[in-house]
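Colleague: Hi! Could you walk me through this structure?
Modeller: Happy to. Here it is.

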Amino acid sequence: MIIMRIVKKSSSFILFIALFSSFLLVSAIPRPSLAKKKDTPQRVDYIAIASRLLSDGFVKRALNVLKGVDPVKEKLNLPLYYTILGLAYTQNSQFSRAVDSFKLSIENGQTDPSVYIYMANCHYRLKDYRKTLSDLEMAGDLGISRPKYILLRSDCLWKLREPAMAIYWLDRGKGLFPYESIFLKQKFYYLMELRLYKGAIDVAREIIKNGDYSKKDYILIAKALVRAKRLKDARDLLWEGSLLFPDSPSIQVALANVYVKLGKISSSAMRFEALSMSIPKYARDASELYKRAHFYSKALYLNSKVLDQRSKILQKMGILLDLRAFDMVVNMLFDLKRTGLLEDDRVKYAYAYALVHSGNLKEAQSLLEEVKSPTLFPSVLRLRQIIDQCKREGSECP
């Protein structure tokens, strides 16, 4: 037993010695000395940081980064630094400072012509159209490389009251970008502003002939022609549009409105009636136009299809008054009260008018006392005079 204990103790001691030796060996392995290692400071790329902040929409942060560093001391790329600073100012709507920064980038060797495009944008926002044109010229071929740059030139010239040159650049843009319809469309509006209607109509025809048009284009061109009092030209254009886009309610409505301006009330009413079959809200317009055209049966029929109750009752009242169907108007009392229309002074007067002409003088006089609107006083006074005359003569009013 004693021998076994000695053996066990010896084994434990040997294991301890082995482990301790291993520790010494591991400790003896040479390692890099942390004390001797010196951290080499990494350069901060301020331009890259600001560019990333700008692209992520953090404009003020980008400005703080750029303005918080001395570009010369930090040996930054000066042309790029001032260009990015100018873009940051632009996005922050500080256009004058942006222009100054772009100029500094050019003075420090910036050769990319895009900087002149950036300056042109700033000068345009500052309403300095002459300098905008100068910047676009300095941009060289880049200044005519996109339709928007040519449109910018044309717009500046138009604002500088040089319409001939503005139109010249639109024509040049059309030559450079033949598939862009925007140049012809802009030219149309310029010619309309100049009251050169024949030329404008020719351009409108060219737009349509090229096939690059939409329902919206037809309506916009027609509205411009209406403003210029070229109603027949607007009618013809919209008629053509209605054939090309038979399912377009907007073109049909525009055409119907032109017919009204031309005095073709019945034609307009028929178009609104056709529209009301699929779009009920136009029943009211059709009814009103038939009333104006004195087609009262049609007007009442379409009025019955009006969905909005107040509009429906008010319109029906107007039609019946035109028909001098005063007893029928008087019978509308319940509907007028139910919809709250009788609280309106104009409706009170109209209903009192019907009461007078249906012989209900006392009720009419009582209702007229409730009318408070100053604009209706002359009409109310005349109606009271009629009531007094009827009472004096002891006869029914006509």
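Modeller: Keep in mind that this is a predicted model. Let's begin with the largest pocket, which holds about 190 Å³ of space.

Colleague: Which residues line the largest pocket?
Modeller: Leu314, Met317, Gly318, Leu321, Leu341, Asp344, Arg346, Val347 and Ala350 do.

Colleague: And how do they split by class in that lining?
Modeller: Six are nonpolar, one is polar and two are charged.

Colleague: Which helices each supply at least two residues of the lining?
Modeller: Those are helix H18 (309-322) and helix H21 (345-357). H18 gives the largest share, four residues.

Colleague: OK, new topic: how many residues has the largest nonpolar core?
Modeller: That core has 67 residues, and Tyr81, Phe188 and Met192 have the most contacts inside it. Helix H11 (residues 197-209) provides the largest share of this core, seven residues. Apart from it lies another core, of 29 residues, including Ile313, Leu342, Val347 and Leu368.

Colleague: What is tyrosine 81 in contact with?
Modeller: Leaving aside neighbours within four places in sequence, tyrosine 81 is in contact with Ile47, Leu66, Lys67, Val69, Pro71 and Leu76.

Colleague: One more: where is glutamate 273 found?
Modeller: Glutamate 273 sits in helix H15 (residues 265-276).

Colleague: Is glutamate 273 buried or exposed?
Modeller: Glutamate 273 counts as buried because its relative accessible area is 13%, and the cut-off for buried is under 20%.

Colleague: Nice! Which residues does glutamate 273 touch?
Modeller: Not counting residues up to four places away in sequence, glutamate 273 touches Ala286, Tyr290, Lys298 and Leu302.

Technical notes. Residues are numbered from 1 along each chain as its sequence is written. This is a predicted model: local features need pLDDT of at least 70, side-chain atom pairs count only at pLDDT 80 or more; totals for chains, interfaces and linings use all residues. Side-chain values use heavy atoms; hydrogens and water are left out. Buried means under 20% relative accessible area, exposed over 50%, partly exposed in between (1.4 Å probe, protein chains only). Contact means heavy atoms within 4.5 Å. On a 1 Å grid over the protein atoms alone, a cavity is a set of points where a 1.4 Å probe fits but cannot get out, and a pocket is an open set with protein on both sides within 12 Å along at least five of seven lines; lining residues have an atom within 4 Å of a point. Grid points are joined across faces, edges and corners, and a volume is the space filled by probe spheres set on the points. Ala, Val, Leu, Ile, Met, Phe, Trp, Tyr, Cys and Pro count as nonpolar, Asp, Glu, Lys and Arg as charged, and the others, Gly among them, as polar. A nonpolar core is a set of buried Ala, Val, Leu, Ile, Met, Phe, Trp, Tyr and Cys residues joined through side-chain atoms within 4.5 Å.
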